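Please look over the predicted model shown below, with attention to its strands and its charged side chains.

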Amino acid sequence: MVDSYKHQGMRRRLIQKLREKGIEDESVLSAMGKVPRHVFFENAFLEHAYQDKAFPIGHGQTISQPYTVAFQTELLNVKAGDKVLEIGTGSGYQACVLCELGTKVYTIEYQRDLYERTRRFLPEMGYKPLFFSGDGSKGLSKHAPFDKIIVTAGAPTVPNSLIEQLSIGGCLVIPVGDDNVQQMLRLTKNTERKISKEVFSNFSFVPLKGEDGWK
Ligand code: SAM
């Protein structure tokens with residue numbers, strides 16, 4: 001994996017752009033500054049790697065826009081050692097950012113070929129989240145509870161099972177809406193029965209599929 005001065009310079013400019021767009025958490029910016037986003041792109045598309053844009057990764061899916069990754073990660077407010085569930089592994093970029101933040105990452109992907117590709121690729125880069133294949137719309141009950149859960153696909157509603165699988169004090173960051181536009185939500189489990197909800201800006205994700213997603 002080549003990470004040249006040119007790549008590093010492009011990455012620094014991207015991080016500065018994220019700061020200008022309002023991302024304040026320096027630990028998130030620093031983690032994103034360490035993950036070489038260009039290695040997720042074929043050479044012909046290198047130009048796109050450090051633009052603040054989503055990009056197709058095959059099978060009708062995308063590597064999320066850097067601003068979206070930064071925004072969701074900032075909301076998640078992780079600390080080193082947190083046990084985090086990511087629903088929608090995709091390219092694995094978000095999982096790498098979470099690994100850089102020192103969390104223990106469980107990541108699940110619905111699309112079998114993407115799961116296979118990312119499960120092989122990330123360890124080659126030195127990132128070792130735990131990979132799962134299947135429908136994450138109901139979480140990963142076998143490994144619950146999680147300190148934090150992040151959903152990187154647009155859901156029609158908040159799946160109850162994800163709230164159930166949070167530890168007390170934990171939070172779920174999830175985009176919820178229709179198939180065009182979703183509001184970013186953060187749900188915090190204050191006690192077993194008390195859940196608080198915060199609503200943030202609109203985003204546009206590929207759909208969350210599966211039993212508790214868009215069938
Ligand atoms: N986090 C990814 C990254 O860093 O590249 C971006 C994810 S992409 C925007 C959304 C991903 O969610 C797709 O790879 C899609 O296949 C996956 N997905 C959709 N529904 C799912 C489900 N029910 N369970 C797990 N993954 C799902």
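The report below takes up the sheet and then the salt bridges of this predicted model.

## The sheet

Seen in the order E5-E4-E3-E6-E7-E8-E9, 7 strands make up an open sheet whose pairing is mixed. Its edges are formed by strand E5 (130-133) and strand E9 (195-203), each of which pairs on one side only, and the twist from one strand to the next averages 15°.

## Salt bridges around Asp 82

Across the whole structure, 12 salt bridges are found. Asp 82 takes part in one with Lys 148, at 2.9 Å from N to O, and because Lys 148 lies in strand E6 (residues 146-151) while Asp 82 lies in the loop between helix H4 (66-76) and strand E3 (83-87), the pair ties together parts that are 66 residues apart in sequence. Both Lys 148 and Asp 82 are buried.

Asp 82 also meets the side chain of Lys 79 in a salt bridge, at 3.4 Å from N to O. Here Asp 82 counts as buried because its relative accessibility is 4%, whereas Lys 79, at 55%, counts as exposed.

Within helix H6 (residues 112-125), Glu 116 and Arg 112 are 4 residues apart, about one turn of the helix, and they form a salt bridge in which the closest N and O atoms are 2.9 Å apart. Glu 116 counts as buried at 17% relative accessibility, while Arg 112 is partly exposed, with a relative accessible area of 46%. A network of salt bridges links Arg 112, Glu 116, Arg 119 and Arg 120.

Notes: Residues are numbered from 1 along each chain as its sequence is written. This is a predicted model: local features need pLDDT of at least 70, side-chain atom pairs count only at pLDDT 80 or more; totals for chains, interfaces and linings use all residues. Side-chain values use heavy atoms; hydrogens and water are left out. Two strands pair if DSSP finds at least two bridges between them. Helices (H or I, at least four residues) and strands (E, at least two) are DSSP runs, numbered from the N terminus. Axes are lines fitted to C-alpha atoms, for helices over the stretch in contact, and angles run from 0 to 180 degrees between N-to-C directions. A salt bridge is a side-chain nitrogen of Lys or Arg within 4 Å of a carboxyl oxygen of Asp or Glu. Buried means under 20% relative accessible area, exposed over 50%, partly exposed in between (1.4 Å probe, protein chains only).
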